[in-house]
Amino acid sequence: METRNRRTNLLNLITATLAAVAIWTAWPVGLVRALQDSEDKPSPMGIAFGQTLYLNVANTGSENAIPIEMRIFDDDGNPLAAARRVVLPGHTASISLNRDDLPGRLTRVLTRAEVKSLGGPDTRDLVVSEEVVDNETQRTMILHPGLSRGFNPQPDPPGTQQ
């Protein structure tokens, strides 16, 4: 009789485990929410002679136009390219930096990009990517995937300048 109870208990345990696994795997994915780290930025990218770096921003939303500022800096923090754009829903904006147009540099240039919202609506719909293109063939050599990170949705306090 004790063997029968053990079998029944083992069978109940296995059934409960399988039920828990089935419920867990069927749970709606939409309930999972990832937290965005405000310190995430696009990765540094190096460009050599004959290459152009593109900083791309897409608005994947369907309602709000988002004003942004895009900047590309060298490894010493000097601005190399900058633009302000309003990115409409379903549209993209881009700025480019051609390595051949940077005088006085003998080697490749290490860059970092920055995209800021200019006090617009929620930036969760913005996606940033970086692309290095060969000038001669126009082929993409490097594409840093678009990530919905690196945005500080809080505008700068009044009276502060950058």
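Two strands count as paired if DSSP finds at least two bridges between them, where strands are DSSP runs (E, at least two residues) numbered from the N terminus. The model is predicted, and local features need pLDDT of at least 70, whereas side-chain atom pairs count only at pLDDT 80 or more and totals for chains, interfaces and linings use all residues. Residues are numbered from 1 along each chain as its sequence is written, and side-chain values use heavy atoms, with hydrogens and water left out.

An open sheet of four strands runs in the order 1-6-3-4 with antiparallel pairing. Strand 1 (45-47) and strand 4 (79-87) each have a single partner strand and stand at the edges, so one side of each lacks a neighbour in the sheet. Strand 3 (residues 66-74) pairs with strand 4 over eight bridges in the antiparallel sense; P67 has V86 in strand 4 as its bridge partner, and E69 stands opposite R84. In the hairpin of these two strands, with four residues between them, G77 takes a positive phi near 90°.

Four salt bridges are counted (a side-chain nitrogen of Lys or Arg within 4 Å of a carboxyl oxygen of Asp or Glu), including those tabulated here.

| Pair | N to O distance |
|---|---|
| E69 and R84 | 3.6 Å |
| R71 and E114 | 2.5 Å |
| E114 and R112 | 4.0 Å |

Salt bridges with shared partners join R71, R112, E114 and K116 into one network. With buried meaning under 20% relative accessible area, exposed over 50% and partly exposed in between (1.4 Å probe, protein chains only), E69 is buried at 15%, whereas R84 is exposed at 59%. R71 is buried at 16%, E114 is buried at 12%, and R112 is partly exposed at 35%.
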